[in-house]
Amino acid sequence: MVRIRNITRADPLYVQECALREKVLLRDVGLTIESFQNLFPGVEERFEHFVAVFDHPSGERVIGCALLLPHFPESGVGKLMQMVVDPQRQNEGIGRKLVVAVESRAFGELGLREIFCHARNVAYGFYERLGWEYDSDVFMEADSPHRRMVIRNPEPAPI
Ligand SMILES: CC(C)(COP(=O)(O)OP(=O)(O)OC[C@H]1O[C@@H](n2cnc3c(N)ncnc32)[C@H](O)[C@@H]1OP(=O)(O)O)[C@@H](O)C(=O)NCCC(=O)NCCS
C-alpha cells in the first residue's frame, strides 16, 4: 500500500528522496542535489517535501516525490518542482496521488490561489490528465522543451 507523507529535511526519508531525485531527474541534466541547491539558492529549505512510500521488510521505501515551493514567485502562488516516480513504479497512479496531496495542502491549509510547474514535454500529458492547463508557449530549460502548466484553486479565498 503506497501512502503519501509530507516530510521535513530532518526525516530519515529525506536521504532516500534526494537519492531518487538524483537518479531519475538530476543526473540526466548533469546536476546533483548539491549543484541543484546552488542553482536555486535557499529553495531546498523552503520546499514542502511530499514523498510516496511503501512498507518494505527493511523499513519504509521512497518511490516518488513532489516538492511544493509556497508563495513563489509571489504571495498566493506555489511552484511544483522535482516531480518524480521511480521508473519501476510508474503508471500505477503514484504520481497522481502525489499531485493530489500537493494540491490539497496548497489549496487547503495554505490557501494558495494557483500552483504552476515547468513541465517537460514528456510530462505534458500527465499534468493534463490531472486537470492542469498550459499557459505558456514552449521554452527551453535544462536543454529540453518545457511549458508552464497551471492549476487554479477551485475555491479561492474571497478577496
Ligand atoms: C511523469 C511522472 C511523474 C508520472 O508519474 P506516474 O506515477 O507514472 O503517473 P500516474 O500513474 O499517476 O498517471 C496518472 C495519469 O497520467 C497518465 N500519464 C502518466 N504519465 C504520462 C505521460 N508521460 N504522458 C501522458 N500521460 C501520462 C496516466 O496514464 C494516468 O492516466 P489515467 O488517469 O487516465 O489512468 C513519471 O512518469 C516520472 O517520474 N517521469 C520521469 C520524471 C519526470 O519527467 N518528471 C516530470 C518533470 S516535469
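**The ligand and its surroundings**

Guide: A polar side-chain atom of R120 lies 3.1 Å from an oxygen atom of the ligand. Taken alone, the ligand exposes 900 Å², and the protein buries 74% of that. Keep in mind that this is a predicted model.

A backbone N or O atom of M83 lies 2.8 Å from a nitrogen atom of the ligand. At E92, a polar backbone atom is 3.3 Å from an oxygen atom of the ligand. Around the ligand there are 20 residues. Those that come nearest are N91, G93, G95, R96 and R129.

Now look at the strands. Strand β4 covers residues 77–85. Strand β3 pairs with β4 in the antiparallel sense, over 6 bridges. One place to check is G64, whose bridge partner in β4 is V85. β3 and β4 form a hairpin, with 6 residues between them. In that turn, H71 has a positive phi of about 55°.

β3 has another partner. Strand β2, residues 48–56, pairs with β3 in the antiparallel sense over 9 bridges. Here H49 stands opposite L67 of β3. β2 and β3 also form a hairpin, this one with 2 residues between the strands. β3 itself spans residues 59–70 and is mostly covered. Of its 12 residues, 9 are buried.

The largest nonpolar core has 27 residues. L80, L98, I115, Y127 and W132 have the most contacts inside this core. Several elements give two or more residues to the core, including β2, β3, β4 and β5 (114–120). Helix α4 (94–107) is also on that list. α4 gives the most to this core, with 7 residues.

Return to W132 for a moment. Leave aside its neighbours within four places in sequence. W132 is then in contact with L80, V99, E103, I115, F116, C117, Y127, M149, V150 and I151.

Finish with a loop. P41 lies between α2 (33–39) and α3 (43–46). Is P41 buried or exposed? Its relative accessible area is 65%, so P41 counts as exposed; the cut-off for that word is over 50%. P41 and H118 are 77 residues apart in sequence. In space, they are 18 Å apart, C-alpha to C-alpha.

Terms used: Residues numbered from 1 in each chain as written. Predicted model: local features only at pLDDT ≥ 70, side-chain atom pairs only at ≥ 80, totals over all residues. Heavy atoms only, no water. Buried < 20%, exposed > 50% of the residue type's maximum accessible area, 1.4 Å probe, protein only. Helix = DSSP H or I, 4+ residues; strand = E, 2+ residues; numbered from the N terminus. Pairing = 2+ DSSP bridges. Core = buried A, V, L, I, M, F, W, Y, C linked by side-chain atoms within 4.5 Å. Contact = heavy atoms within 4.5 Å. Near = heavy atom within 4 Å. Polar contact = N/O pair within 3.5 Å; in protein donor to acceptor, adjacent residues only side chain to side chain. Areas by Shrake-Rupley, 256 points an atom, 1.4 Å probe, with all protein chains shown as cover.
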